Amino acid sequence: MTNSTALQDLFGTKEMARYNSIHFVLAGIYFMLFIFSILFFVRLLRHTHMTFSWQRFFHPTLSLGCIIRSAFFTLQPFIATGVIEVPQRLNLFLNLLPTYLFFACYLIILFLWAEIYHKSAWRSRSAHYFRPLYLGIVAFIFLVVFILEALDWAHKQPPLTIEQQRYPLNVGVYQTSISLFALFLYSCVGLGFLIYGLMVWRAVAQRSSFATESSGQHIKHKVVFLTVLINICFFSRIGLITWALIITSPSTWWWFDGSYFLALEVVPLVLMLMVLHSTPKRKQLETGNSSGNGHAPGETTPLVNEDRRTSTLS
């Protein structure tokens, strides 16, 4: 196929041109997120005093998810127009894999909420078990996903329509099961954010001396904002995925992927980058180092400094 023929197939009609342009824009946005995540991670590695254990999980996972999502959106215009052929199962897997990688990132923020609550409200060291618990949950998630994927590849696939071949649509019981598993995870993580967001807000509010400070007020407002926005994104996504599974798939609509992924996936990812990129101010670091009140051994996050009651969220 010549270059002119390929371009004619990609932008031959107004509807297809819009569909392809939106996906190229999405590919560029996720690629920029990939670059930002890599740059932040490199910066943190160069300044080890600003790095804590959760960031070592977060940035590589986010970067991998973003680059796969970018590659997926880059391929969609060529697959939808038949310029290149990709097996339906592989195309759907490229769509689903970043979703579960991003789940691992969402869980990191959820575990940070839990650490803030346990260390700030109770001044507890019990958060040490959070890291193995996190790794166990993530391992379980990917074990379930890869088992369902293996069963789907082992199962004989029914004849596909042209639409099913060219768009990332669920075909068969196993592919539908993977999407239902995603709904279950969105529900659990969203509920976790809601519960721990409320508990963190209550813990900060009950500290009368801290709650009246400007930093305490700022933390309360940020916790409320992030909790509400993340839950709106998660539960909106639950409703749209359920609608797509029961009624019809909107993946063929040219505008849907742009609005869906920008509003319900890119926004939470950017928020997570902002939260985990927050670092203690130089003055706070110098004060902590000079007074010997640095982070205790084995502490997994600097979000709460128990001696000075400062937070990197401020």
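A salt bridge here is a side-chain nitrogen of Lys or Arg within 4 Å of a carboxyl oxygen of Asp or Glu. The structure is a predicted model, where local features need pLDDT of at least 70, side-chain atom pairs count only at pLDDT 80 or more, and totals for chains, interfaces and linings use all residues. Residues are numbered from 1 along each chain as its sequence is written, and side-chain values use heavy atoms, with hydrogens and water left out.

**Salt bridges**

By that rule you get three salt bridges. Here they are:

| Pair | N to O distance | Helices |
|---|---|---|
| Arg 69 – Glu 265 | 2.9 Å | α3 and α10 |
| Arg 89 – Asp 152 | 3.6 Å | α4 and α5 |
| Arg 237 – Glu 265 | 2.9 Å | α9 and α10 |

The helices are DSSP runs (H or I, at least four residues), numbered from the N terminus. Arg 69 and Glu 265 sit 196 residues apart, so this pair links distant parts of the chain. The Arg 89 and Asp 152 pair ties together parts that are 63 residues apart in sequence, and for Arg 237 and Glu 265 the separation is 28 residues.

How exposed or buried are the partners? Buried means under 20% relative accessible area, exposed over 50%, and partly exposed in between (1.4 Å probe, protein chains only). Arg 69 is buried. Arg 89 is buried too, at 12%, as is Asp 152 at 5%. Arg 237 comes in at 3% and Glu 265 at 1%, and both count as buried. Through shared partners, Arg 69, Arg 237 and Glu 265 join into one salt-bridge network.

**Nonpolar cores**

A nonpolar core is a set of buried Ala, Val, Leu, Ile, Met, Phe, Trp, Tyr and Cys residues joined through side-chain atoms within 4.5 Å. The largest one has 70 residues, and Tyr 30, Tyr 100, Tyr 106 and Phe 193 have the most contacts inside it. Elements giving two or more residues to this core include α2 (14–46), α3 (53–80), α7 (173–206) and α9 (214–246). Helix α4 gives the most, with 21 residues.

What does Tyr 106 touch? Counting contacts as heavy atoms within 4.5 Å, and leaving out residues up to four places away in sequence, its neighbours include Tyr 186, Val 189, Phe 193, Phe 234, Pro 268, Leu 269 and Met 272. Tyr 106 also touches Arg 237 and Glu 265, which meet each other in a salt bridge.

There is a second, separate core of five residues, among them Met 16, Tyr 19, Tyr 167 and Leu 169.
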